[in-house]
Every structure is written in structure tokens, then in C-alpha cells.
Amino acid sequence: MRELRARGGEGGLPGGTVPLRRRLHAGVVASLAALALTVSCANSAAPQRSSPADTASASASASASASAAAAGSCDPLRSLKPLAHMPTPGGRMPSGTAMERIVARGRLIVGVDQNTYLFGYRDSDTGQLDGLDIDLVREISRALFGRPDRVQFKAVPSAQRIGILQRGQVDLVAHSMTITCERMQQVLFSSDYLDSGQRVLVTDTSPVKTLADLAGQKVCTARGTTSLTELQRARPKVRPVTVSDWTDCLLLLQQGAVAAVSTTDNVLAGLSAQDPATRITGPRFTYEPHGIAVPKTTPELVRFINGVLAHLRTSGTLRALHERWLGPYGDFYPPAPRYRD
């Protein structure tokens, strides 16, 4: 077994396995720190780029998704227009808005992952949270307060992301979350900040090349995700095994308890980086845009976040963050944003 686990949590929310740093092959035990803290950045790298065939498959899936959206009343790639005039960072926010309440409180409260390497994970050396999603939250804090560290992070499993928003326990969720029409009935999403697609992770010694090769076998995924839905739809059928966190899937794969892990390839990239004795295989069989989620009661916060993302795009910061965290895996950079109303 190449990984040991440590558990922790706050406010009744379970913790998760502590991701290994990329260079480690042996087991690591780390204590989980408190879940409300200011976090710092760490460099990472990963070994393999997506192939041209994967990119072509993703493009075909994107076209199919856009066509389906055009035929119906929902388009997951359209978000609310950014604010016409963004307030000055650290200055007065528009009266009566969620932004004004957040600034008055003195901190932004965000639901995040602490178990997905490259996106939201707890660094085993520093005990701090890091990753692409965490860096985006810092930029939202900077736009609100004029500084990136006014954030209270709450670790939340994938299955609880929508519930924690609807109960008002967080201002937003930045948790590698796919935008879907079904979810848009429950929460609001920012514009797309990352595109990926579902693939399969197996051990280096596995003969599996595609999802179809896993017919009748156990495949691990996380509860409350689009990945589980896709596995349940798969033909030929596989046998989904569900867990709370993606690092639990990696452990089951290392133990031989499942034949594969299946989710979006951006998440699989982080799992593969933790264990170089694994590989990502097969073409993408879904198209999955990712957004930051907020309660349906605060559309002005979506417009504010979209203004932040628009600035990050035009300044080159969003591209730089993608290159820093995901560049060695291929191009997950999203298309130009599309807005409604």
C-alpha cells in the first residue's frame, strides 16, 4: 500500500485523506489542521499531456452539448453578465448586496475540497490548503477586500456542495464542480473557468484501455458527482463503488479493491500525480465545464465573480494559473465566456 490516511474535520463536516506530494511513493501520515485559515501557494507538476485524440473527443462532446442546450431552455455555458462597473477592491461595495455583507463580516466563507490534488488539497508539509480552486478564491478575496487572505475555508464532500449553499453556510463553493442544467435549478454558477471530460484511471499493470473494458468490474467514484451518474449510464455496465473523497478511490485502486477510478480527467491528473504507478487511459466520454457555485438568492455575487474572472482572463492571470497547476497535462483552459441577460 502506497498511501496512509489521516482524518479530520470541522463543524460536523468529515475530513478526507491527505493527498501525497507528487514526489512521494511511500505512505504518508499527516495531521489535518483547522479548516478556517489563510493559505499559501505551492508549485506542482504532472507527467503526461492529453493526446490530440482526447482533444478531438472533447470538442465533439462540446458541440453536442451546445446543440442540446440550444434545443432546450438551458445552456450550462451561459452565466449572468459581469457587473457593469466593478467596485474598487477594499472599497465600498454596492448597498444591499452579498458583497457588502461579506465585507462587513470581514471574511469570505467558501466551501472547498481538501482532498483533490492540484485543485483543493491540504499540503502535507505546510498543513495549508492549495490548488487552482484555492487560488481562484484568493483572487475573489482580493477583489472584495484588496487582499487575498480574508477567507474562511470549509471542507465539504462532493455530495454536500449544493446543500451547504442552500443552507447559507457558505457564500460560494469552489470545488471542481461541473455545471449542469440539473444543478442550475438548485444553484447559480459563474462562467466556465475550466473544461474537462470523464476518463479512467488504472494501474500501470492493468490491461484496461477504455471504460468498455471494465464491463462487470468495480469502478470507484465519489458520491454526489456527475461521474457517478455517467457510470450508472455506461454501456456495457460497470459496478460503481462510491466514496466520499477521490483520494479514497486512489487507496481502493492501490489495494486492488477496484479495477479503476473514473471521473473528470482534471481530477484524475491529481490522483495520477500522487501515484506514478497509475495511468489515465481512454478518450473523454463526457464534456464538463466547471464553475464556481453560489446560492440562487445572490445573483449579484455571480455577476461580481464573473467580473473577477473576466479580469483574470484579460490580464493573463487565469491562463497562468492553468499553466501552473495543469499545464503538463494538456489544455483545460475554457472557451471565451458566454453570458445571458
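## Terms and model

Buried here means under 20% relative accessible area, exposed means over 50%, and partly exposed is in between (1.4 Å probe, protein chains only). The model is predicted: local features need pLDDT of at least 70, side-chain atom pairs count only at pLDDT 80 or more, and totals for chains, interfaces and linings use all residues. Residues are numbered from 1 along each chain as its sequence is written, and side-chain values use heavy atoms, with hydrogens and water left out.

## Disulfides in the chain

How many disulfides does a search of the whole structure find? There are two, where a disulfide is a pair of cysteine sulfur atoms within 2.5 Å. Counting bonded cysteines along the chain, the pattern is 1-2, 3-4.

## C74 and C181

Let's start with C74, which is joined to C181 with an S to S distance of 2.1 Å. This link is left-handed, at -95° about the S-S bond. C74 sits in the loop between α1 (52–71) and β1 (78–80) and C181 in helix α5 (residues 181–184), so the bond ties together parts 107 residues apart in sequence. Helices (H or I, at least four residues) and strands (E, at least two) are DSSP runs, numbered from the N terminus.

Buried or partly exposed: which describes C181? With 31% relative accessibility, C181 is partly exposed, whereas C74 is buried at 14% relative accessible area.

## C220 and C249

The other pair is C220 and C249, again with S to S 2.1 Å. Here the angle about the S-S bond is -80°, a left-handed link. Because C220 belongs to strand β11 (residues 218–222) and C249 to helix α7 (residues 246–255), the pair ties together parts that are 29 residues apart in sequence. Both C220 and C249 are buried.
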